[in-house]
Amino acid sequence: MAANGVPTPKSPLARIVTQKQQNGISHGDGGKTVKAQTIDELHSLQKKKSAPTTPLDGAQGAFAALSDDERQKQQLKSISASLASLTRETGPKLVKGDPAKAQPGARVAHHHHVEAPTISVSDSSLKFTHVLYNLSPGELYEQAIKYEKGSFITSTGALATLSGAKTGRSPRDKRVVCDDTTKDELWWGKGSPNIEMDEQTFLVNRERAVDYLNSLDKVFVNDQFLNWDPKNRIKVRIVSARAYHSLFMHNMCIRPTPEELENFGTPDFTIYNAGQFPCNRFTHYMTSSTSIDLNLARREMVILGTQYAGEMKKGLFSVMHYLMPKRQILSLHSGCNMGKDGDVALFFGLSGTGKTTLSTDNNRYLIGDDEHCWSDAGVSNIEGGCYAKCIDLSKEKEPEIWNAIKFGTVLENVVFDEHDREVDYADKSVTENTRAAYPIEFIPNAKIPCVGPHPKNVILLACDAFGVLPPVSKLTMAQTMYHFISGYTALVAGTEDGIKEPTATFSACFGAAFIMLHPTKYAAMLAEKMQKHGATGWLVNTGWSGGSYGYGSRIKLPYTRKIIDAIHSGSLLNATFEKTEVFGLEIPTEVEGVPSEILRPENTWSDKKAYKDTLLKLGGLFKNNFETFTNYKIGTDNKLTEEILAAGPQF
C-alpha cells in the first residue's frame, strides 16, 4: 500500500506456459489455428476414418492382402446379389454411404458396382442405391432422428420410435411356402400356426419387396448371427428401409466382431423388410395388405405391410424351429439362467406368467430371456439381445430391465413428456404392447458368451386364474410332456367390463405361434434330452390361490421366488410329496419360507364344492385341448404316447 493510503495495483500474474514436448505438441491454450477454411472441412477433421469390414466369398485367406477398394467391391457384390430381381437377373447398382453426404458427381467416380442388366432395361438401372452397412447405434440414431418421423431420444438415452399402424404381430398374415419338402415335414391344419402359400405367390411378393427396396435412395443392411453355439450358428442378412429396424436387429441378433465379418461370406438366411409398402391384396392367398412370408427352400423371408419389428425376430425364431431339429438340436421358447455352481434352469411360460421376471435373478447368470437351443453340448441363447414388455415398468419391480433402457436401446410405441422426455410406462395411448429391445450385455449379470451346460431343471409356468393348480408340483416325465404340449395359462378377459370369468389359453410347446413341426416332435426331443441328462420337470403356478380371479388372491411373488430358489438349490427334491386328485400332481408338504396351507389348493378355498367344480372344469378344458394331439405317435413306439395321455387329468 502506498504512503498516501491508496492501494498499489498488483502486477498481473505471470502466464503459465507449458513447454513443448519433443514431438512438437503444445499443451497450452495458445496452439496453432486449424488448417480448415470451412465448417465442412472442420467436420471432416472431426471424424477418424475406420477401415470397413466386409463379408467375402471364399477369399478369407487373402483378406489381408485386399485393398480397401477390392474389399468394398466384394461386399457390394454380395449385397447386390441378395437384392437381385428375379425377372431382371441382376441386383441394383450399389454405392456405400449416406446419400445425403455424397458430393455431386462423386458417386460414379469413386464407387464400384455390378454390371448393368443387358435385358429388360428399366429406369431402376439408371440409379444408384446407397448401402448403409452394419452401422453402429450412434450412426443409426442419427439416421432415425434425421429421417424417420416419430423418432426421439428419451431422458435415459434410449431411442423412442413408432412402428406405424401395426403395434404387434399379425399371425393371420404369416404364410409359409408349401412345397414338395415342407408339405410332409411341417405341421399343417388344425391348431397349426403355419398357413400355406405357393412358391409363385412368394416370388410375386418377393419381387414387390425387392423392387420397393431398390427404388429407395438407401437401404440398411445388417449381417449378423443367430445362436451363441459357434458350431451351429446361422448367418443372417437383414435388408430394411428404416434405421429403427436396423438398430432393432443390431440389438436382437448376435453382433459379429470385425474379424468375423471378414469371413462372413454368403448368408444362410435373408430378410427383405419392405414393411412400409403393402402387398397386393388381389394376389392369391392374401387376405389383407400385410403379408409375412417364409420360404424355407430359398432361405428367405419377405415382410410387406407392417413395420412392427417383432415380425423379424419371431420370423427368424420360426426358421430356427425348422433348421435346428434337423441337426438333432431342440429349439425352445424359454428363458434360461445358471447358478454360480453351473446348474442351469429353463423357464417356459406364456405372457403374464412371470417367465422374464423369474428367469432374471440377481443371484444367477442370465443366459437368455426368450429363445434357446439345447444340443449335445448344452444350452445356447439364439439371440444377442432381450425384447422386454415395458407396460407399467417400474424401477422397484424390475430394476434390471429399467436400467437397461439407455443409449442403444430401442423403445417401441411408448409415450413420453414432450419437454423432459421422461417416459410414462403406464400410458397405453399408442398400444399396451410397448417394448424395449436392448443388447443382452445391458443386463449386468448376463453370461457372455450366452451358453451353459445341460439343464438340471425344466420349469413350466402357468398363471392359473381358476385358482386350482398348486403353487408347485414335481412332474413325472410323462406329465412334463403333457403339460409342455398343452402350454397352459389362464387369463382374465375383459376385466374393465366387470367380467370375472377366467379364460383358459393353450399354446403348444409354450410357443405355438412360432413352431414349424408338430408339437409332439419337440416334446419327444425334450423327453429324450431330459432323460439323458437327468433333468427334473416342475409345474409352478404363479396365478390365484383361495378361489378363482375375483374371489381368491394372486400368489405372492416372494413365495414364488422361494419356491424357485428351492428348485435351484435341489432342496425341493428332498421334500415329502402328496398326490392331488384329477391332475395327479405330486406336491410338497412344505417349502421353506412358504406357508404350508397354500401348497395344497383346496385348503385355501372356503367353498370346497366350488373348488371341486372348478377343478373338474379345468380338467375338461385340458382334455378338449389335447384331443388335437391324440393321433400322433411320440418316439419309436406308442408306449410314450400312451404314458403322456395317461398323465393328463383323470375323472
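Is the crossing of α12 and α13 left-handed or right-handed? I looked it up, and the crossing of α12 and α13 is right-handed. The term right-handed applies when the near helix is turned clockwise from the far one by less than a right angle, and left-handed when anticlockwise.

**Ground rules.** I am working with a predicted model, in which local features need pLDDT of at least 70 and side-chain atom pairs count only at pLDDT 80 or more, while totals for chains, interfaces and linings use all residues. Residues are numbered from 1 along each chain as its sequence is written, and side-chain values use heavy atoms, with hydrogens and water left out.

**Helix pair.** I noted that α12 covers residues 477-486 and α13 covers residues 519-533. Helices here are DSSP runs (H or I, at least four residues), as are strands (E, at least two), numbered from the N terminus. The two axes come within 10 Å and cross at roughly 145°. Axes are lines fitted to C-alpha atoms, for helices over the stretch in contact, and angles run from 0 to 180 degrees between N-to-C directions. On the α12 side, the contact (heavy atoms within 4.5 Å) includes M477 and F484. On the α13 side, Y522 and L526 are among the residues that make it.

**Helix α9.** I checked the length of α9 (residues 310-326): its 17 residues should span 24 Å, and the end C-alpha atoms are 25 Å apart, which agrees. The expected span is 1.5 Å times one less than the number of residues. I found 16 of the 17 residues of α9 buried, so the helix is largely enclosed by the rest of the structure. Buried means under 20% relative accessible area, exposed over 50%, and partly exposed in between (1.4 Å probe, protein chains only). Just after α9, Q328 has a positive phi of about 60°.

**Loop residues.** Most residues other than glycine have a negative phi, and most peptide bonds are trans. I listed some exceptions.

- N227 has phi near 85°; N227 sits in the loop between β7 and β8 and is buried, at 2% relative accessibility.
- D392 has phi near 60°; D392 lies in the loop between β18 and α11 and is partly exposed, at 45%.
- The peptide bond from I448 to P449 is cis, with omega near -5°, and P449 is in the loop between β22 and β23.

**G543.** I placed G543 in the loop between β28 and β29, and at 0% relative accessibility G543 counts as buried.
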